[in-house]
Amino acid sequence: MMPKTPLSRLLGLILFMGLSADAAQAATVTLAWDQSADPSVTGYTLSWGNLPGSYTSSMNVGNVTQAQVAGLTDGAPYYFVVRAYNSSGMLSAPSVEVSRRVGIPFAVRGDFNGDFSADVGVFRPSTGAWYVAGQGGIIWGGTGDQPAIGDYDGDGRMDIAVFRPSNGAWYVKNSSNAGAAFTWGGTGDSAVPGDYDGDGKTDIAVFRPSTGTWYIWKSKSQTGVSSVWGGGGDIAVPGDYDGDGITDIAIFRPATGAWFIVKSATQAAVSMTWGGAGDIPVPGDYDGDGKADLAVFRPATGTWFIIQSSTGSSISLTWGGTGDIPVPGDYDRDGKTDIAIFRPATGTWFIANSGGSAASAFVFGGFGDIPVIK
């Protein structure tokens, strides 16, 4: 019997709200997968659990390629696989594992209008202007500020935000309400916003290379935490590497090409060598399994090198060159990170869509502009 083809990305996420905000609520998730090419297949079994590779529940869904799983705990991470079976009860190998933290707001990085696809946008430090395709411009920030987009209010849309290292101030313009200002960090720090507590809202955070310290302000508990991970010369690469819906602390060390990651699901520290001096780390979910993949962009040759977390296999693609800025994001709304670059010399964006549509190139921005998704 042939192994099942990989599960597709989650097609929908539905949360059934309960009456009590502090009690565990039931959530439902809808999954879909590719039909097996094996003519002997008579049905499919869907399995899930709260840890990667550990499936404590299962359901025979029959000979269909879409199913709902109900009764999930609101706010908990879930990992899903599907197996095909034949009339003799023989099971195929499990599909690629996909994951999602259910019952919390979900936003696509770079999506300012809530359509689940990344939008092209730039920040112009010389004037403090932000320009997002289809949405006009707004003044927010200035010279020396770092753009730090994120869904700070949990409404499923990116909020305009900057971090000002000179005074450690964050200025956030929420898409759902008025702006706010916070002091967190200082000179020499790098902005590393992410959802470190799994509540569906972006948390303010900085990485301090001089000491290797991460300082995170958690929106859920309104408390600050710190952790030492990395050091001088390291580049912060936070991402959800284990698919539990929580941003993991991670660094890339250009001197050796090593990645060091603390996975939040198990608190296990892992390391791997991928890339080297001169490479730019570009982690993203290139295979659509809900987990960030290790990836680097090599400006000297314009090559992208990616390790897919779903299979452990590596792929490479030449897209861009010296002087280009990598801007990976899900521009075609297929649940996978697309390879893309911004060319400051001409203000041109070049996007290689993963969904099969033709590659696109267009001018948006110019020299001195900073792409807000990178």
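1. Lys 291 has a relative accessible area of 9% and is therefore buried (buried means under 20% relative accessible area, exposed over 50%, partly exposed in between, with a 1.4 Å probe and protein chains only). The model is a predicted one, in which local features need pLDDT of at least 70 and side-chain atom pairs count only at pLDDT 80 or more, while totals for chains, interfaces and linings use all residues. Residues are numbered from 1 along each chain as its sequence is written, and side-chain values use heavy atoms, with hydrogens and water left out.

2. The partner of Lys 291 is Glu 97: the two form a salt bridge with the closest N and O atoms 2.9 Å apart (a salt bridge is a side-chain nitrogen of Lys or Arg within 4 Å of a carboxyl oxygen of Asp or Glu). Glu 97 sits in the loop between strand E6 (77–86) and strand E7 (98–101), and Lys 291 in the loop between strand E23 (280–281) and strand E24 (294–298), so the pair ties together parts 194 residues apart in sequence. Strands are DSSP runs of E with at least two residues, numbered from the N terminus. Glu 97 is buried as well, at 13% relative accessible area.

3. The whole structure contains 8 salt bridges. One of them joins Asp 234 and Arg 253, with the closest N and O atoms 2.8 Å apart. This pair links distant parts of the chain, 19 residues apart: Asp 234 is in the loop between strand E18 (223–228) and strand E19 (235–236), and Arg 253 is in strand E20 (residues 249–253). Asp 234 is buried at 7% relative accessibility, whereas Arg 253 is partly exposed at 30%.

4. Arg 157 and Asp 155 also form a salt bridge, the closest N and O atoms being 3.2 Å apart. Arg 157 is partly exposed at 29% relative accessibility, and Asp 155 is partly exposed at 28%.

5. There are 10 aromatic pairs (rings of Phe, Tyr and Trp, the last by its six-membered ring, pair if their centres lie within 6.5 Å; planes under 30 degrees apart count as stacked, over 60 as edge-to-face and the rest as tilted). Phe 163 and Trp 170 have ring centres 5.2 Å apart and planes at 40 degrees, so the pair is tilted. Phe 163 is buried at 0% relative accessible area, and Trp 170 is buried at 0%.

6. Phe 342 and Trp 349 form a tilted pair, because their planes are at 50 degrees, with the ring centres 5.2 Å apart. Phe 342 is buried at 0% relative accessibility, and so is Trp 349, at 0%.

Technical notes: Helices (H or I, at least four residues) and strands (E, at least two) are DSSP runs, numbered from the N terminus.
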